Each structure stands twice: as structure tokens, then as C-alpha cells.
There are 2 protein chains.
Amino acid sequence: MDFKEQLKKYQEIVNIELDKYLTKQECPEKVLNQAIEYSLISTAKRLRPILILQSYKIFREDYEECLPFAVAMEMVHTFSLIHDDLPGIDNDDYRRGRLTNHKKYNEATAILAGDSLLNHAYMIIANEVAQANNCEEAKRKMQVLNEFADAINKMIIGEYLDTECQGTQISKDELDNIHNNKTGAFFIYCVRAGAILAGASEEEINKLTIYGEKIGLAFQVKDDILSATGDAKIMGKPVGRDEEMNKATYVTKFGVDKSRELLENITNEAVEALNDYKEKAEFLRELAIYIKERNK
Amino acid sequence: MDFKEQLKKYQEIVNIELDKYLTKQECPEKVLNQAIEYSLISTAKRLRPILILQSYKIFREDYEECLPFAVAMEMVHTFSLIHDDLPGIDNDDYRRGRLTNHKKYNEATAILAGDSLLNHAYMIIANEVAQANNCEEAKRKMQVLNEFADAINKMIIGEYLDTECQGTQISKDELDNIHNNKTGAFFIYCVRAGAILAGASEEEINKLTIYGEKIGLAFQVKDDILSATGDAKIMGKPVGRDEEMNKATYVTKFGVDKSRELLENITNEAVEALNDYKEKAEFLRELAIYIKERNK
């Protein structure tokens, strides 16, 4: 199976699992549920949950143990997008070719759908911790829970910094700091979570952390390049909004060519970080290339 | 020490603990931190965290073990108020005599301050679970974590139902359902959390659950009465907004007199639920009376 087929297979695995959690939901509130499903069930790439599964698979044959963590990750990612799109923050009308949540429903529903997704993610992980079969497993899951909370905290700080610096000049360090928090923390969390759940050693977890850092940054740089030069039809959202909103991005700061060079370098570094894992890390290697080359 | 003095003492205990967590925060983002502190450090009554401490104290002499849970509860309560006040939801300009968070700062900051508080609450409890000294303690704390997540889920559903039914006629059952979720779930969680952490039996936890249900409802009915007939100066927010916004409340549905009668009855039922605990539950008994008689 080539990479694209494998990616599709794992996207499907994540989608099926998300669906199970959605149908399990006992919230009687149909419209709130619909709003949650609307943003959750989509053409999303599911990169973050797949990172958890694939990082785990370096050390184990299966991936089932990770599925609830994968679902929780995608829920939190979706929460962050719904709130990010709100009129009070980025005020975006479209995401992934469809109306944003508050445009499709209304602002109150979008705020609460986001809150609910964040909380549901914790409900799922809290339940996983409580269900652990032994002390070792409970410990690993508790560590993941703690790192999950830290990553979300960083994401919120990054989101805040991003909002705050709009229209101001910032340094490369400040830009890196925003994205290390806003985007990087989740990528790092995902590869670490997979490795921790699989019982990997500290040393191995650290190696994957480097890979996570690199692809997190690569993802953001590519996002900035696409936002400036991508095809609006393919991406399902308007192009050129960053410049319009005077947003600090790698492209608005360094230009497209320099950003492409940066992207090339960090992708290589990400691939190098996996050197020790040979064919076990083939998917993650290809994923780094995919992040660099994607057109949406 | 009479009840008012004791209440003050415990408010102070909660405030000192909240303060510790705020100064501990390493978020470099001063304005986001300020916005969080602004809503957290206030003249709030701290009823929910105090309920945790006092419910615990029925079974144990100390209360220290509960403090992180008390802090987490107040953080989540504050998150719910900040988001509730947003222009997209209730659009309130004042709370507790001061500008609401989005009026003092801006909408983006208020949304993210709320998100951050919800997440910080989980960070604190996740840390508590991980720090448990033995399996029994870990189990109790995990149960509390799970009930916390459920209560927050209910609160969000209640908030949604409340928003959705504005301007429509609803039945008493529907009104009860909104408030059992929106207000009741936290009161029930608090008394249960204290009892669970103290190692109380299932039967004892259930007795306290009834008390929690009753004071939760009493709190809401009194809130509705105050919103209609209270002194705006004492309350620090305008009076009559519920009617203005065509909100379904106990007062807009049954009138002030009937609501007062209901309040009297459920307060008596709350006090009765504590009959077995004699002087151990004196504070909780007085608290039920306080909820009924408060003027803000």
C-alpha cells in the first residue's frame, strides 16, 4: 500500500472512531449536537490523531489502545478551529469549503460547541485513565492526560499571542514562539502520546519529540505559504487574508521564497530525526514530505 | 464563630488558594493572565468550592486535600460566566458591579480567557490524579475527575438550552431541565466531590446528592427572583433584564410569589436531607438558608 492509500486508510479509521463517539453522545440537544458534528465530520486531514496512531505503531503492532486519544485530539483541534473562526477572533466565514460553525448556526452555538468539544475530549481521556487495567497502564495514561492539558494550554497562549500581535511588527523569535505554542505543541503532544502509550523509553520519546517539533513548524510554514499562494478552490477558503488582516506569518515576514527554503530544511530535519527507526517510521517520513507538498 | 464569619473564613481560604495558582502560572501572556485574574479575583461568593470543602468536612477534620478541586471548580464556574456574558450569548456589560470580561478587555481575550480557565481546571485535577499516593486515593480522584467532566458537560447543555429557548414558551419540566443542567449539575458535583474525596460511603454520597439537588434549584430560583426584584446597586448588575430578553425563568413563568413559595419548600427539603448529620452539617444547613435569603 503506498503512502496516499495508507493515509486514506488511517483517516477512515479515525473517522469511524469519531462517529462512534458521536452516536454515543446522549446530549438531547439536537442542534448543539449537529453543530458539533458539522465541524467534526468533514474533509479534515486528521493529521494529529494519525500521528498518535503512527507514533504508537513504531513500537507496537496494533493501534487500538490509542483510538480514544486520537478522537480526543481531533475534538480539541476542532474546538480550536471553531473558536478561532469566531467574529471576535479571526472572523472567518469559510473553512474547508464550507461555512464556518457560527455562520452555519450562530455565535452562541459555535461558542458552546467549541466548549463542549474541549470538554468531551477530557471526558474521553478521563474515562480511559479510570479504565486502566493496571498501575503501569494508568501511569502512562495519566502522563498523557497531563501532557494533553499542557499542550492545550500552549495552544490557547499561542492563539492569544497571534491575536494580540496582529498589525504589529514582531521578531522571528516571537513568530516562532507563537507557532511553537499554537501549532507545534499539538504535533509534539501527538507523537509523544503515541510513544508514551506504547511504553517507549524516555530516549525514544525524545527522538520523536524532535520529529514532532519539526513537522509542527513545517506544517505552519506550509500553511502560511498556502494562505498566500494557494488555490482558494482547492483549499475551500479565501487566499490572501493574512496580508489583508496584517497578520504576522512566515510569508508576510520573510516572503514566499525564503519560506519555501525554510520548509525544505525543516522537512529534512524531521526526516533525519527518524533515522534510527528504518522501515518502522516509513509512514512518518512520508508524512513529513506530504506536509511539505500538500496543496490544501 | 457564627455562619457569616465562617463563610468569610472559607471564602478567604479559597481566595488564598486561587491566588497561589495564579502566581504559579507561567503563561508569559500578561494581558491574557490579567483577564483571567480580573474575572477570577473578585467579590465572588465562592459557594461551589466552599461546598466541596464543607461536604468533605462532614467526614474528615481537615480540608487541605480538597483545595485543588475547589480551585478547579471556581475556575470552571468563572469560565462559564465569561462565556455566558459574551455578545454572542447573553451580551451582558456588567457582572458583580464591574465590566464583564469582554467589555474590560475584548471579545477575543474573553473567549480565550474562558477557554484557558476550563483547561487550567483540568490541568489542576489531572495533576492531582497523577500525584495520588496510593491506588485507593487515585481511584477516588479519578471518580471525581469523571464526575467533574460530566457536570461541565451538563452545564454546557443547560447553557445551550437556555440560549435556545429565549423568546419561546416552555413547560415547567423544560425549565427544570435547563436549570438542573445549567446550575444544578455543579452544586451536585461539589457536594459529591467532597464526600467522594473524604471516602464517604455510596449511601452517604447519595444523601448529600439530594441536598445538592435542592440547593442548586434554590440557588437558581433565588437568582431569578433577584434578577426581577433585587437592588441593582447591591447586585452590581441591572435588574429586569430577564423579562426584557424574554428569558424563561421561574419568575417570568410563575411570578414572584409562587417562586418565593417554591424557594421556601426546596430550602426546607435541602435542610431535611442533612438530618442524619446533626452538628456536623450545621454549616451546610445555614448555607441553604443563606442561599434563600441572600440579596445578591
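Let's start with one residue: B:Glu107 sits in helix α6 (residues 107–130) of chain B; helices are DSSP runs of H or I with at least four residues, numbered from the N terminus. This is a predicted model, where local features need pLDDT of at least 70, side-chain atom pairs count only at pLDDT 80 or more, and totals for chains, interfaces and linings use all residues. Residues are numbered from 1 along each chain as its sequence is written, while chains are lettered from A and ligands numbered from 1 in the order in which they are written.

Leaving out residues up to four places away in sequence, B:Glu107 touches A:Gly88, B:Leu86, B:Pro87 and B:His102; contact means C-beta atoms, placed from the backbone, within 7 Å.

Now for the contact between the chains, which takes 36 residues from chain A and 36 residues from chain B. On chain A's side, α2 (30–40), α6 (107–130) and α7 (135–164) each supply at least two residues. The residues of that side divide like this:

| Class | Members of the class | Residues of chain A |
|---|---|---|
| nonpolar | Ala, Val, Leu, Ile, Met, Phe, Trp, Tyr, Cys, Pro | 23 residues |
| polar | the others, Gly among them | eight residues |

How do the copies relate? A rotation of 180° with 0.0 Å of shift along its axis superposes chain A on chain B (RMSD 0.0 Å), by least squares on C-alpha atoms of residues with pLDDT of at least 70 in both. That is the relation of a two-fold axis. Both copies use the same surface: 100% of the contact residues of chain A recur in chain B.

Notes. Two residues are in contact if their C-beta atoms, placed from the backbone, lie within 7 Å.
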